[in-house]
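Here are my notes for you to read alongside the model. Take them in order, and keep the viewer open as you go.

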Amino acid sequence: RLGLDFPGVYSFKNRGIGGNKISDLYARMGADILDLKPDYMSLIIGVNDLFRDYLSCGGQRSERFERDYTALVDAILCELPDLKFFLMSPFLIPCESFYRIHKESTDIDLDRLISDLPLYQKACENVAKRFSLPFAHLQPEIDKALKLAPAEYWTPDGIHPTQPAHEIIARKWLELFNKIR
């Protein structure tokens, strides 16, 4: 939308990599963030940390996630002090396919994992507050959408959004971007 509304004003670089955790992003921060010297940046991360924490140690480690996220944002802002930056929370859309897919691949307690998601969302919010960054909780927006159509309309697997769910994220993203530009 920004490309259409403001031709040639903004260029966009999506550096998200599926399956990455905060530690992966930290490891590639130089090439994918600092070397690009962006004017604006948004970040949504955390759901893979939640899953991998359950797979590796059977429980939440949101304190470590928050500590690592804080270190990442601090390093970015130290190198790019004029960066206009906002954060968005991770989300899940529990649905039949979510349970089917993940029960086949792991023995983790998916209901417990889902119940720990707010700890990771809160960690993201805490980091945003610590650095006075704009922040958006996406889960409430997703939860509102679930009242309009079944979960499978919004996701094929509980994690990855369909095009209509991407629109929810895009609208929230534009709302935050308009606050910082």
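**Notes on the loops, the core and the rings**

1. Ser-132 is found in the loop between H7 and strand E3 (135-136); helices (H or I, at least four residues) and strands (E, at least two) are DSSP runs, numbered from the N terminus. Although Ser-132 is not a glycine, its phi is positive, about 55°. Ser-132 counts as exposed because its relative accessibility is 66%. The cut-offs here are: buried means under 20% relative accessible area, exposed over 50%, and partly exposed in between (1.4 Å probe, protein chains only).

2. A word on where this comes from: this is a predicted model, so local features need pLDDT of at least 70 and side-chain atom pairs count only at pLDDT 80 or more, while totals for chains, interfaces and linings use all residues. Residues are numbered from 1 along each chain as its sequence is written, and side-chain values use heavy atoms, with hydrogens and water left out.

3. Have a look at Lys-37 too, in the loop between helix H3 (29-32) and strand E1 (40-44). Lys-37 is not a glycine either, and its phi is positive, near 45°. With 59% relative accessibility, Lys-37 counts as exposed.

4. Buried or exposed: which is Thr-155? Thr-155 counts as buried, at 0% relative accessibility, and its place is in the loop between helix H9 (151-154) and helix H10 (163-180). Its side chain reaches the backbone nitrogen of Gly-158 at 2.8 Å. Not counting residues up to four places away in sequence, Thr-155 touches Ile-93, Cys-95, His-160 and Thr-162; contact means heavy atoms within 4.5 Å.

5. Now the core. In soluble globular proteins, nonpolar side chains tend to be buried together.

6. Pick out Phe-98 from that list. Leaving aside residues up to four places away in sequence, Phe-98 touches Phe-51, Leu-92, Ile-93, Leu-110, Leu-113, Ile-114, Asp-157, Gly-158 and Ile-159.

7. How many aromatic pairs are there? The count comes to 12, where rings of Phe, Tyr and Trp (its six-membered ring) pair if their centres lie within 6.5 Å, and planes under 30 degrees apart count as stacked, over 60 as edge-to-face and the rest as tilted. Phe-6 and Tyr-10 make an edge-to-face pair, 5.9 Å centre to centre with 90° between the planes. The rings of Trp-173 and Phe-177 have planes at 5° and centres 5.2 Å apart, so this pair is stacked.

8. Stay with that stacked pair. Trp-173 and Phe-177 are separated by about one helical turn because they are four residues apart in helix H10. Trp-173 counts as partly exposed at 23% relative accessibility, whereas Phe-177 counts as buried at 2%. Ring pairs link Phe-6, Tyr-10, Phe-12, Tyr-40, Phe-86, Trp-173 and Phe-177 into a cluster.

9. Finally, Asp-74 lies in helix H5 (residues 62-79) and is partly exposed, with a relative accessible area of 37%. Asp-74 and Arg-130 are 56 residues apart in sequence and 9.7 Å apart in space, C-alpha to C-alpha.

Terms used
Polar contact = N/O pair within 3.5 Å; in protein donor to acceptor, adjacent residues only side chain to side chain.
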